Amino acid sequence: MKAFITRRKSLLVAASAVLALSLSACGGSGGGSTAPSSGSAPFTVAQNVSITGSPTFDTIKSNGKVRIGVKQDQPGLGFKDAATGEYSGFDIQIAQWIAASLGFSQDKIEYKPIPSANRESAITNGDIDYYVGTYSITDKRKQLIDFAGPYFVTGQGLLVKKDNTSINSEKDLSGKNVCSATGSTPIQNIKANFPSTKTTEFDTYSQCVEALKSGQVDAVTTDQAILLGYAAQEPDSLKVVGQPFTVEKYGVGLKKGDTALRQFINKMFTDGGSTWQKIYDSTLGQSGTKVTQPAVDNY
Amino acid sequence: MNTLLNNSDLFITGFRNTLILFFFAGVFALILGTIVATLRVSPIPAMRAAATLYINVVRNTPLTLVLFFFALGYPKLGLVEIDFMTAATVGLSLYTATYVAEAVRSGINTVPVGQAEAARAIGLTFTQTLTVVILPQAFRAVIPPMFSVFIALLKNTTVAAGFSVAEAGAIRSNLSERGEPAMAGLLWVALIFVLIVFILSFAQRKLEKKWKVAR
């Protein structure tokens, strides 16, 4: 009987641990530093824009605002400050630049945070006008939607703890436990090409980073640009190792068949090299990396 | 159809893991739930209190929290290491057992008091009264609600997709990375779930017919 009661007590302890966990999770997500704010934007809002033959642009005009699909949990790229509700990052500024070229200032932008798995349906259903958020251009996706760009080229990288010396590149992954988002391309790549590597999948990259810090996994893998964002946020405990071992080209997701708008955005990227560089330097460039703008693929 | 055929590897592993989770969590929940239900009607106050406490604490906690405690919190306690699949099974079992317990208790309540008194009168102990006379009748009475609990359990398994258990809930995110239309993928997953639930409902009708209590 006594043993019985203590078992119940331990359950109570477990329950309160659950509560404590959930509370600390709430507190932690804010994460002190965010990417530096844009300050004065390196682009100006265009006047009297007209794009003939673009159904998306017609929708934007009749709505009087731009609805942009973004990521909200990737520091340095697409990040929403939980306290102020403000968005910041490289992808966000690219999105603002496009909106400005279409003639819409920042107060006419409606951001819609959309997770990776829902991107195609959000675009095809017309929930958003375009999507800017670490969106890799692939042939399969091109069958469902169109891409402007690429505006950034990265590849799969590895994030480890600062004091980790056993993982220096993807060649050291054998027998290690690697984490990425559920079903994401990087984790499918690890499963297919690194069979002796254990994998762990969580819903978001932030959960993977938490698991890395607590030692449950040895490395986090996804596009190096995303990992640099995390490393820049906590340079004392995390670092990015090795060179990207795949090629991912980030594009702007557009409704299938809107060639007019795609060419408009591609022209903007091609002509706006100095603007692009300023945007990069004020966001991802803060991590100390030097990158040049990729050439647009006007397919 | 192409979405299903081209990605049969995903669908097969996904639903295989779903069924494994469902089966083990279902069996453990049934056993644990029955034990907890008998504790709730036992003559010893401390046992009744303990069972009530367990049911109210676990049942009132959202399933996501229960599962994520076992996935993320449990490893930090430094006890025996378990993989995510086991963690999900344990979490789902503990959670579902509370619903099983309440279903069984409602079944016990349908058994007339006279049955228990008669059992006691012929000299059966509490355990004998319960296992020979009351529980068999109770189970017969609660087949429909019990199957609702199990259908809920089947669908609850998808919560485990959040932490490295590659079951049916994870199919969608894999599909979208492969560039498949999300709607088609979702419809297939839903359709297969409906099929499994249909099999469960069929079993329910069979059992109901077979175990019908003549009143």
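How much of the chain is helix over residues 53–74 of chain B, and how far apart are the end C-alpha atoms? In this stretch the chain is 82% helix and 0% strand, with its end C-alpha atoms 21 Å apart. Helices (H or I, at least four residues) and strands (E, at least two) are DSSP runs, numbered from the N terminus. This is a predicted model, in which local features need a pLDDT of at least 70, side-chain atom pairs count only at pLDDT 80 or more, and totals for chains, interfaces and linings use all residues. Residues are numbered from 1 along each chain as its sequence is written, chains are lettered from A and ligands numbered from 1 in the order in which they are written, and side-chain values use heavy atoms, with hydrogens and water left out.

The C-alpha trace of chain B spans about 70 × 45 × 25 Å along its principal axes. UniProt, in an unreviewed entry, places the feature "domain: ABC transmembrane type-1" at residues 15–204 of chain B. UniProt positions are given here in the numbering used for the model, feature names are shortened, and annotations may be inferred rather than shown by experiment. Residues 15–204 of chain B are 78% helix and 0% strand, and their end C-alpha atoms lie 21 Å apart. The UniProt annotation "transmembrane region", also from an unreviewed entry, covers residues 20–41, 53–74 and 182–203 of chain B. Residues 182–203 of chain B are 100% helix and 0% strand, with end C-alpha atoms 32 Å apart.

How confident is the prediction? The model scores ipTM 0.70 and pTM 0.72. For single residues there is pLDDT, the predictor's confidence in each residue, from 0 to 100. Chain B averages a pLDDT of 88, and 99% of the residues score at least 70. Within chain B, confidence is highest in helix α3 (residues 45–59), at a mean of 94, and lowest in helix α1 (residues 2–6), at 78. Chain A averages a pLDDT of 82, with 86% of the residues scoring at least 70. Over residues 1–38 of chain A the pLDDT is below 50, and this stretch has 28 contacts in the model beyond near neighbours in sequence. Contact here means heavy atoms within 4.5 Å. Where pLDDT is low, the predicted coordinates should not be read in detail.

The two chains also meet each other. The contact takes 32 residues from chain A and 34 residues from chain B. About 2800 Å² is buried between chain A and chain B, and carbon and sulfur atoms give 64% of this area. Buried area is the accessible area (1.4 Å probe) that two parts lose on being put together, summed over both. Two or more residues on the side of chain A that touches chain B come from each of α1 (2–28), α4 (119–124), α5 (139–142), α6 (185–193) and β10 (198–202) of chain A. The largest share of this side, 10 residues, comes from α1(A). Between chain A and chain B the count is 0 salt bridges, a salt bridge being a side-chain nitrogen of Lys or Arg within 4 Å of a carboxyl oxygen of Asp or Glu.

Over all chains, the count comes to 11 salt bridges. In one of them, the side chains of A:E201 and A:K191 meet at 2.7 Å, N to O. This pair links distant parts of the chain, 10 residues apart, with A:E201 in strand β10 and A:K191 in helix α6 of chain A. A cis peptide bond joins A:G149 and A:P150, with omega about 10°, and A:P150 is found in strand β7 (residues 146–154) of chain A. A:T134 has a positive phi of about 40° although it is not a glycine, and A:T134 lies in the loop between β6 (130–131) and α5 of chain A.
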